[in-house]
Amino acid sequence: MARARRELLLRVHRRELRREDLEDCYSQAVLELLAHARRGGSFASRLHIANSLEQRFVSRVRDRRRALGGRSPMQAMLEGALALDGHDDVRPGVEVADVRVELEQLVILRDELLRVVALAAQLTEDQRLVLAGQIGQIERGDFCRHFRWSGEKYRKVAQRARARLRALMANEDVLVPPGPALSEQR
């Protein structure tokens with residue numbers, strides 16, 4: 001009976017809630033009926049089961065609408081929230097602005113980060129591994145135990161990785177081509 005009535009009830013109430021919320025309400029109604037039956041409750045006929053299911057479903061839908069309408073401040077707030085990750089089909093994601101940083105400084109930092117990522121490919125695998133561990137705030141001892149490194153090897157590889165990355169960044173700054181000659185110059 002639950003399978004037979006599902007699509008009909010979801011279609012009839014489609015304007016009241018989102019599809020996901022309707023499915024949640026329907027699942028709750030079905031579970032309530034199953035719990036009632038397991039406790040020894042009985043139904044007079046298939047029609048009685050269908051009516052009970054619809055009645056519980058409509059009750060769940062009304063409860064959900066009241067919660068979204070402000071009776072439950074937390075539900076209302078969550079319903080109006082925007083997704084940060086952009087995986088919501090209805091609303092695009094939101095990029096959170098860092099108000100502590102000026103726009104120009106933020107652009108410079110992002111550019112430097114892109115340069116570091118591009119230049120990191122020129123480091124050895126061990127050097128990239130150590131830097132990734134440091135960025136991820138993995139403790140030195142945990143890192144050394146996991147990769148079976150000595151503390152001295154970790155220190156030297158990290159030191160060389162930072163020095164190599166600094167040198168690559170400095171070298172890249174020198175390699176910037178000059179701008180085009182002005183029309184008055186020969």
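The paragraphs below take the nonpolar cores and then the salt bridges.

This is a predicted model, in which local features need pLDDT of at least 70, side-chain atom pairs count only at pLDDT 80 or more, and totals for chains, interfaces and linings use all residues. Residues are numbered from 1 along each chain as its sequence is written, and side-chain values use heavy atoms, with hydrogens and water left out.

A nonpolar core is a set of buried Ala, Val, Leu, Ile, Met, Phe, Trp, Tyr and Cys residues joined through side-chain atoms within 4.5 Å; buried means under 20% relative accessible area, exposed over 50%, and partly exposed in between (1.4 Å probe, protein chains only). The largest such core has 13 residues, and Leu 17, Leu 22, Tyr 26, Leu 53, Phe 57 and Val 61 have the most contacts inside it. Helices α1 (2-12), α2 (19-38) and α3 (46-71) each supply at least two of its residues (helices are DSSP runs of H or I, at least four residues, numbered from the N terminus). The biggest share comes from α2, with 6 residues. A second, separate core of 8 residues includes Leu 123 and Met 169.

There are 14 salt bridges, each a side-chain nitrogen of Lys or Arg within 4 Å of a carboxyl oxygen of Asp or Glu. Arg 6 bridges to Glu 7 at 2.8 Å, N to O, and to Glu 23 at 3.3 Å. Glu 23 lies in α2 and Arg 6 in α1, so this pair ties together parts 17 residues apart in sequence. Arg 60 pairs with Glu 32 at 2.9 Å, linking α3 to α2 across 28 residues. Arg 60 counts as buried at 17% relative accessibility, whereas Glu 32 is partly exposed at 25%. Shared partners join Glu 32, Arg 56, Arg 60, Asp 63 and Arg 66 into one network.
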